[in-house]
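This report goes through one protein model, from the whole chain down to single residues. Keep the sequence and the structure in view while reading.

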Amino acid sequence: MAKSLELLVARLSLVVLAAVTIPSGFADTTVDRMLLPIEVFGENGTTVSRTVTLHAGQAESVRSLWLQIHGLRYADQASVQFNASAWIPLNNTTVTIAEPGRSFGGIGGGFATLVMTLPLPSGTVVAGTNTIRFRFNRTDGLVSAYRVLALNFLTFEGQKLLPPDAFVEDTPQTWTPPLPDEASIRAGRALWRGASLVASSLPNSPRIEAHCADCHAEDGRDLKYFNFSSGSIVARSRFHGLSALEGEQIASYIRSLPLPNPGRPWNPPYQPGPGLDEQPVSNWAAGAGLVWVLDQDTDALPYLLGRQGARASTSASNAPRSVPDVRELVRQVTPDIFRPDGNLNPRQIPIALQLPDWSSWLPRVHPKDSWGADFTQSEFATFYGGPELPDSKGKGGAKQPLRSLLASAQLTDHDLRSVVAAFGEWSQARRAFLKHLVKPKTEWSPALTNKVYSAQLWQLVKTWEMMQQYGLEGRGRDLFGLNADSRSWCNTIPAEAAPSVALIPDGLAGVGGSALTNEYFTAAWYELQIILDSGNHQHRGRRPVDWVYFIGQFHDLFAQTNQPEPARLLVAVTKALQSTDPRLGPDDLTKGWQPDENIDPRIMISPVWAPIFKPLPVELHRALTVSLLAAWMDKNQQYSIAKYLPVVGAAARAYTPTRSYGNITGGKVWEAARQFRDSGVPDQLVARLQDWGIRYIDRAARIQYDGISRR
C-alpha cells in the first residue's frame with residue numbers, strides 16, 4: 001500500500017526542482033522552487049548552476065530549452081551546459097531567437113532582452129536530477145553580466161514542462177544591505193563619489209577620471225530605482241578595479257537610500273503600456289515591463305483604437321494573447337482618434353519596440369575621459385552643475401547651472417518656464433561642444449562613435465537624474481500650461497541621444513557596429529521622446545520635434561529590420577497632428593496649425609509607405625485612411641482660406657523632406673484626390689478635399705501666392 005501511494009505521488013508530481021542555495025542580495029536562502037532571475041556575473045568563466053529533477057516521461061519528451069535572457073550583447077558571451085555535456089555557446093546560430101527580437105539583430109542586436117530556444121539532442125537531460133550550468137565566457141571590455149529571467153523545457157509539441165509554481169521571483173523588498181552598519185554605508189557613499197576606477201577588467205586597463213557618480217545618477221538613485229542587486233553592484237565594482245569589500249560598501253550605500261524602487265534592470269524605462277497613468281508618477285520611469293512589449297506591432301491596434309481600457313492592469317495576465325477581430329476594429333475607427341485638437345496618450349499604448357534598458361542609457365566612456373579639459377571647461381559640462389556661467393547674450397550677470405536653477409525651482413512660487421529654456425540652452429551647449437570637436441568631413445570610427453554617443457548618453461542620464469531628484473515628471477502643466485500633459489519631461493534630450501542627431505553613420509562605425517543597431521537606437525530614442533515630451537502643443541516651426549524627420553525614421557528602420565510597424569507609426573502621425581496649440585490657427589505663422597508643414601494623410605496612400613501598412617487588412621487600412629483624412633479636413637475647415645493665405649509677399653521657411661519618404665508633407669494634398677478615391681475613400685470626403693483645394697488655389701492666385709513666398 002505504501003509503495004502504491006509513493007507511485008501515485010510520483011505520478012502526480014510532474015516536476016520537482018531540487019532545493020538549492022541561491023544568493024539573494026547576499027542573503028543565502030534555501031528554497032524548493034527555482035529562484036529567478038539567475039544572475040551570472042563576475043570574472044571570465046564564472047558559472048552558476050541550478051538542478052532540476054525530471055521523471056522518465058518528462059525527460060524523454062524534452063526537445064529544447066526555452067530561455068528569456070537579459071544582457072546578451074554579443075555572440076558567445078554565454079554558454080550552457082547540461083550535466084556532463086559539452087558547453088553550448090549561445091549565438092544566433094545555436095539558438096532560435098523569437099520575434100520581434102530576431103528581426104532586430106538577435107544576440108548582438110538592439111534588444112537587451114531576448115527570448116530564445118536552444119535545441120537539445122535526445123538524452124541531454126535524464127530521469128532524475130539534472131544540473132544546468134550557465135557560464136559567463138568573457139567580457140568585451142563593457143559587459144560583465146547577464147541574467148536568465150525565465151527558463152523551461154519544451155516538448156516536441158512546444159509545450160512547457162515546468163509549471164509556473166516551480167519558480168519564485170527574487171523580490172527586492174526582501175533585500176538588505178550586506179554591511180548594514182553606518183560606517184560601511186558612509187564608506188560606500190564616499191566610494192561612490194570619489195573612488196579611483198579603471199576602465200574595465202581587461203588586462204592593463206587604464207585608470208579613468210570618472211567616478212561612479214559621474215556616469216550614473218550623482219546620488220546612485222538609478223541603481224536603487226531599477227533594483228540592481230547587491231551581487232551585481234559588487235561584481236561591477238570589481239570590474240572597475242575595486243575590492244569586494246569596497247563593492248559591498250557601495251552596495252550597502254545603494255540599499256540604504258530612502259527612495260522609490262519600482263523598476264528592474266531588464267524592464268525598459270518608460271516602456272508604454274495600459275495602466276501606467278493610474279500608478280504614482282514615481283513609478284513612471286519603471287515602465288510597464290517586458291510583458292507589455294508586444295510580439296507584433298498590430299497587437300497595439302486595440303489600444304490605439306480604444307477597445308482596451310486605459311485602466312487595464314499592467315500584469316502579465318492582462319497582456320494581449322489573441323488576434324483582435326478585424327470587423328470589430330473597423331467599427332471602432334473614427335476621425336476622433338486622429339483629431340488634431342485631441343491629445344492621444346502614447347504612455348498607455350503598448351508597442352512591439354523594446355526600448356533600451358537602463359544599462360543602455362549609461363555612457364560607455366565619460367566625456368571627461370574622452371575629451372579631457374575640452375569637456376570639463378566647456379559650457380556643456382558647467383551648465384550641468386558647475387559655477388555660474390557668464391551670460392553669453394551679453395546681458396550682464398550670470399546664468400545659473402541647471403542643478404542650481406532646479407534647486408531654486410523647488411520653491412512653490414518659482415516660475416518654472418525658465419527651466420524649459422535652461423534645458424534648451426543645455427542642448428545648444430552640447431551641439432556647440434560636439435560641433436567644435438567633430439567636423440563635417442570627420443572620418444568616423446567605432447572609437448569616435450563611442451565618444452560622441454557617450455556624450456549624448458551622459459546628458460540623457462543626467463537629465464533623468466534631475467527630473468527625478470527635483471520631482472519634475474509630474475509638473476507638466478506647471479511647465480507648459482493647462483493644455484499640457486501632467487506627466488511630461490521638459491526638453492528634447494531623449495531624441496538628442498539618437499545617433500542620427502550627431503550624424504553617426506550606419507555601418508561598422510555606427511552605434512552597436514551595424515546599420516541595424518544604429519537605426520534601432522535612433523528609433524528607440526525618438527520613440528522615447530514621443531512618450532516623454534511630444535511638444536505639449538508648443539510646436540514652433542520644426543521645434544521642439546521635427547515630425548517629418550521623426551516619422552521618416554520609421555522608413556529607415558524598416559529598411560533594416562523588415563518589420564513593419566503601422567500601429568506605432570499611426571501613434572506618431574497622430575501626435576504630429578496634435579503638436580500645435582488647438583487655440584491657434586494658421587494665421588499664427590510660428591505656432592499655429594500649418595498643414596503644409598506637417599505630416600499629411602497622403603502617408604496612408606503613398607506607395608513608399610505601403611510596405612509598412614501591409615500587415616493591415618484592406619478594410620481596416622481603408623477605415624483608417626478615411627478617418628485620418630476626415631480628421632485632417634475637419635481641422636483645416638475650422639479656418640477660412642484667408643487665414644491660410646492672409647497677405648502678399650514676405651519670405652517662407654523652405655523645407656524639403658527627403659525624397660525617399662515620398663509625398664507626405666508640403667501641401668497640395670488635393671492633387672492626390674484620385675489616389676484617395678482609388679483607396680476606397682468615399683466620394684463625399686474626396687469632394688470636400690477637392691473643394692478646399694480649389695478655394696485655396698483661387699485665393700493663392702488672387703494674392704499672387706506662388707507656394708514659396710508666403711512669409
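## Overall picture

A residue is called buried when its relative accessible area is under 20%, exposed when it is over 50%, and partly exposed in between. In this predicted model, 55% of the 711 residues of the protein count as buried. The protein exposes about 29700 Å², and carbon and sulfur atoms supply 53% of that area.

The secondary structure comes to 25 helices and 18 strands. Among contacts between residues at least 6 apart in sequence, 75% join residues at least 24 apart.

## Helix H6

Helix H6 covers residues 230-239 and is mostly covered, with eight of its 10 residues buried. The buried ones are Ser230, Gly231, Ser232, Ile233, Val234, Ala235, Ser237 and Phe239.

## Ala112, a buried loop residue

Ala112 sits in the loop that runs between strand E10 (96-97) and strand E11 (113-119). Is Ala112 buried or exposed? Its relative accessible area is 3%, so Ala112 is buried.

Leaving aside residues up to four places away in sequence, Ala112 touches Ile69, His70, Gly71, Leu72, Arg73, Gln354 and Asp357. Ala112 and Pro356 are 244 residues apart in sequence, yet their C-alpha atoms are 6.8 Å apart in space.

## Lys575, a buried charge

Lys575 belongs to helix H20 (residues 566-577). Lys575 is buried but has no salt bridge. The nearest side chain of opposite charge is that of Asp485, 4.9 Å away.

Lys575 does have a polar contact: its side chain and that of Asn343 are joined at 3.0 Å. Not counting residues up to four places away in sequence, Lys575 touches Asn343, Leu344, Pro346, Ile530, Ser534 and Trp547.

## Salt bridges

Side chains of opposite charge can pair when their charged atoms come close. How many salt bridges does the count come to? The count is 28 salt bridges.

One of them links Asp336 and Arg339, with N and O 2.9 Å apart. Arg339 is partly exposed, because its relative accessibility is 37%. Another joins Asp683 to Arg677, where the closest N and O atoms are 3.1 Å apart. Asp683 has a relative accessible area of 52% and is therefore exposed, while Arg677, at 33%, is partly exposed.

Arg702 also forms a salt bridge with Asp698, the closest N and O atoms being 3.1 Å apart. Arg702 and Asp698 are four residues apart in helix H25 (residues 683-702), so about one helical turn separates them. Arg702 is exposed, with a relative accessible area of 57%, and Asp698 counts as partly exposed at 39%. Elsewhere, salt bridges that share partners join Arg193, Glu218, Arg403, Lys462 and Glu465 into one network.

Arg403 lies in helix H14 (residues 402-408). Its relative accessible area is 18%, so Arg403 is buried. Not counting residues up to four places away in sequence, Arg403 touches Glu218, Tyr384, Gly385, Glu465, Met466, Gln469 and Tyr470.

Key. Residues are numbered from 1 along each chain as its sequence is written. This is a predicted model: local features need pLDDT of at least 70, side-chain atom pairs count only at pLDDT 80 or more; totals for chains, interfaces and linings use all residues. Side-chain values use heavy atoms; hydrogens and water are left out. Helices (H or I, at least four residues) and strands (E, at least two) are DSSP runs, numbered from the N terminus. Buried means under 20% relative accessible area, exposed over 50%, partly exposed in between (1.4 Å probe, protein chains only). Contact means heavy atoms within 4.5 Å. Accessible areas come from the Shrake-Rupley method with a 1.4 Å probe; for residues, only the protein chains shown count as cover. Lys and Arg count as positive and Asp and Glu as negative; His and the chain ends are not counted. A salt bridge is a side-chain nitrogen of Lys or Arg within 4 Å of a carboxyl oxygen of Asp or Glu. A polar contact is a pair of N or O atoms within 3.5 Å; within protein, one must be able to donate a hydrogen and the other to accept it, and residues adjacent in sequence count only if both atoms are side-chain atoms.
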